Amino acid sequence: MQQKKFLAGALGCILACSHPAGLLAAKIPQTQKIEIAQETGKEQEEDLDLPEGLKPDDNDPDYVKRLHQQETGEAQTQMPFALNSIEAVTTKSPFTGLVYTHAAQLSDYSITNGIDVSKWQAEIDWKKVKAAGVKFVFIRCGYTALSQKFAMYEDEYFRKNIQGAYDAGIKVGVYFFSNSITTTEAKKEAQKTLELIQDYAHMITLPVVYDFEAFSNAYRAYGLSKAQVTKNTIAYADLIQAAGFTPMYYGSPSFLASSFDVTQLAKYDCWLANYTTKTSYTGDYTYWQYSSTGQVDGIVGNVDCNFYYSGDSGEIVDPGPDLDPEDVAESLGPVSGLMMSDHATDEITIQWDALEDADGYKVYRSKSYGGAYKLLKTINWNEVTEYTDDMVMESEGRQYYYKVVPFLLDEDGNLKYGLESDILTAYTERLHSFRLKTTANIHLREQAGTEYPSLIVVPSGTSLPYYKFTLSTIDQKWYKVTYTKNGKSYTGYVSGSYVNLYTYGKTTKNVNMRSGAGLNYKIQRTIPKGTKVMVTASKKVSGTKWNKVTYSLNGKSYAGYIPAKYLQQV
């Protein structure tokens, strides 16, 4: 299997950090000092220019990082590249004035400008920041100190920053600067994060970030193994996710290669830190921190700048007449083994077999069989062959349609599409039994639509189970069913125009059945608690939902209406 290569980019904000002043030379390994000198042409130390009212703090990891950035300089010397591929996209940052070339595999994403801040930006005029073009911000909520003793602190500007950004209409995420050594400490950092953000949960629509940095022995977690860092990241992220937030981890290309097993973190978003106009990193990332020297109106001094890649605008690229043949790798794909591996009422997991020559995969989804496919995810790892779609509507048995397209990157970084997969029909979990009965002889078709072939004719009066939320075409609803005749099963779609729908429930108390939907209708009889009934229709009257039900007792059938709240589906 082709192995991914991690290519080190320019020095990012999270390269080796150290204590200031006299400790710098002692803390940074000699090989690292040589690399820094070669990159920046200097080793001399300088005083950190702080906003008014802030004092140096050698125990704050963000302070030490900012000092290091000033002492070593920022690797911003690369000029933007103009790729020949039609997939290349360039944008000019309003905060640095430089033009940035985005990875070809992310060219069909929306690109948004944002920043990240901590107490070291001091007082911020968030209205001016908004007017300057900042669409989102990550705000430090807290950190673990660099002292050997495990100690966590709140960022003293966090509450002011998050309220100010939110009030200005800027989208907000948060990060916690970690120095955890064990999974127990990582969980404590997650709990501390949740404690700090609990009063601001409604303001946070972007990820909550595990910002682990330990590039020199100035950090208490320096030298931690890749396996342990990965375990700590998962421990933190899982608690954040369980609390209802989107977790994310952070790193430079070199640190991601040396300290994280990124293939184990594929289900989490990644925030890439790489200070260059064109990153050579080919792994997964959703945000790119491209500079620490941005200038934004409303903030005194330098600020970190970021791009956000949002996949909600991407349409599927169908290799065909309209696609340049040079951008198609006809020998690549399609993927095999595409299947639904798991589902719940609010998510669907799909998987497929790895393609040896692929550099990654694009996952697309449609809400109807013949509808447009939207890009959900670009996966930049050959060996990551699973994706969980948690953007489905919470429902039972709702169907979605997926395609997976492999891709590769040529030696110039240009993207080549492989052949797209067949359509996978997947669905959310169904907890209850839903049924229909045909009202006429009806065609069972291969897909939802009269243009698809008929598999068999289903007789009028046939009762069949169906997926509750089978999706509609433009003109009518279609229901997926399985019909068996003479020992052979046929699975397809029937038109909603020729069926009646029903499900089953049990009464949760003795309940009066009435002749109509409402308390003003005559009571026909009392249905005992625990009676199984068939639900054939529902309607809402004066805010109360009523179910039309039928049930049998001693060989006799009864029909009427009961309040839906007294019925539990089975």
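Modeller: The answers below treat cavities, a pocket and one glutamine.

Modeller: This is a predicted model, in which local features need pLDDT of at least 70, side-chain atom pairs count only at pLDDT 80 or more, and totals for chains, interfaces and linings use all residues. Residues are numbered from 1 along each chain as its sequence is written, and side-chain values use heavy atoms, with hydrogens and water left out.

Colleague: How many cavities of 30 Å³ or more does the structure hold?

Modeller: There are two of that volume. A cavity is a set of points on a 1 Å grid over the protein atoms alone where a 1.4 Å probe fits but cannot get out, and lining residues have an atom within 4 Å of a point. The volume of the largest cavity is about 130 Å³. Its lining has 14 residues, and the closest to the centre are Asp62, Arg66, Asp116, Gln121 and Asp304.

Colleague: Which element supplies the largest share of that lining?

Modeller: α3 does, with four residues; helices (H or I, at least four residues) and strands (E, at least two) are DSSP runs numbered from the N terminus. α3 (61-72), β3 and β11 (303-310) each give at least two residues to the lining of the largest cavity.

Colleague: And what lines the second largest cavity?

Modeller: Its lining includes Asp62, Asp116, Asp211, Glu213 and Trp271. The volume is about 30 Å³.

Colleague: Turning to the largest pocket, what is its volume?

Modeller: The largest pocket has about 1300 Å³. Of its 44 lining residues, Asp269, Tyr387, Thr388, Asp390 and Met391 are the closest to the centre. A pocket is an open set with protein on both sides within 12 Å along at least five of seven lines. β15 provides the largest share of this lining, six residues.

Colleague: Now Gln105: where is it placed?

Modeller: Gln105 lies in the loop between β2 (99-102) and β3 (110-117).

Colleague: Is Gln105 buried or exposed, and why?

Modeller: Gln105 counts as buried because its relative accessibility is 2%, where buried means under 20% relative accessible area with a 1.4 Å probe and protein chains only.

Colleague: Which side chain makes a polar contact with that of Gln105?

Modeller: The side chain of Asn380 does, at 3.3 Å. A polar contact is a pair of N or O atoms within 3.5 Å, one able to donate a hydrogen and the other to accept it within protein; residues adjacent in sequence count only if both atoms are side-chain atoms.

Terms used
Buried < 20%, exposed > 50% of the residue type's maximum accessible area, 1.4 Å probe, protein only. Points joined across faces, edges and corners; volume = space filled by probe spheres on them.
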